[in-house]
Amino acid sequence: MQGIDPSVPPSGTGCADCEAADPPGWWFHLRRCAECGHIGCCDSSPSQHASAHATGTGHRMARSFEPGEAWFWDYDEQVLYESGPALAGPEHRPLTQAAPGPAGRVPRDWPQHLHQ
């Protein structure tokens, strides 16, 4: 699979762009760039940082950063792959980190803020 570097670890445990925002944002689910390790929020999240990262960098492949999910998404071809090569750990967000998350930043009416 083109656009994957299995040796690169994830950039952190949450969406790097939501964490860097002022004020910090929140996310529904997380995606990991398979080329550089950047963690971004999914397209259902309010800010859709994973897609923005793919568009801005040309990094086409992302992997779910959710527990129990090992699928990859090709942003260029719009294709889902059920599995792919093993990536440097950790493979998912911490189990203690809620989804949506992070705890304390998610509004009570969070479903109203999701993109469909």
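I began with arginine 93 in this predicted model and looked up its burial: arginine 93 is buried, with a relative accessible area of 11%. I then asked which residue its side chain meets in a salt bridge, and found glutamate 66, at 2.7 Å from N to O. Glutamate 66 is buried as well, its relative accessible area being 3%. I noted that this pair links distant parts of the chain, since arginine 93 is in the segment after β5 and glutamate 66 in the loop between β3 and β4, 27 residues apart.

Next I searched the whole structure for salt bridges, and the search returned 5. One of the pairs I wrote down is glutamate 19 with arginine 105, whose closest N and O atoms are 2.7 Å apart; glutamate 19 is in helix α1 (residues 16-20) and arginine 105 in the segment after β5 (79-81), 86 residues apart. Glutamate 19 counts as partly exposed at 37% relative accessibility, and arginine 105 counts as partly exposed at 27%.

I also looked up glutamate 77, which forms a salt bridge with arginine 60, the closest N and O atoms being 3.8 Å apart. Here glutamate 77 counts as exposed at 52% relative accessibility, whereas arginine 60 counts as buried at 17%. I recorded that Arg60 and Glu77 belong to a network of salt bridges that also links Asp74 and Asp76.

Last, I turned to arginine 32 in strand β1 (residues 30-33). Arginine 32 is buried yet has no salt bridge, and the nearest side chain of opposite charge, that of glutamate 91, is 7.2 Å away. What I did find is that the side chain of arginine 32 reaches the backbone oxygen of alanine 88 at 2.7 Å.

Methods:
Residues are numbered from 1 along each chain as its sequence is written. This is a predicted model: local features need pLDDT of at least 70, side-chain atom pairs count only at pLDDT 80 or more; totals for chains, interfaces and linings use all residues. Side-chain values use heavy atoms; hydrogens and water are left out. Helices (H or I, at least four residues) and strands (E, at least two) are DSSP runs, numbered from the N terminus. Buried means under 20% relative accessible area, exposed over 50%, partly exposed in between (1.4 Å probe, protein chains only). Lys and Arg count as positive and Asp and Glu as negative; His and the chain ends are not counted. A salt bridge is a side-chain nitrogen of Lys or Arg within 4 Å of a carboxyl oxygen of Asp or Glu. A polar contact is a pair of N or O atoms within 3.5 Å; within protein, one must be able to donate a hydrogen and the other to accept it, and residues adjacent in sequence count only if both atoms are side-chain atoms.
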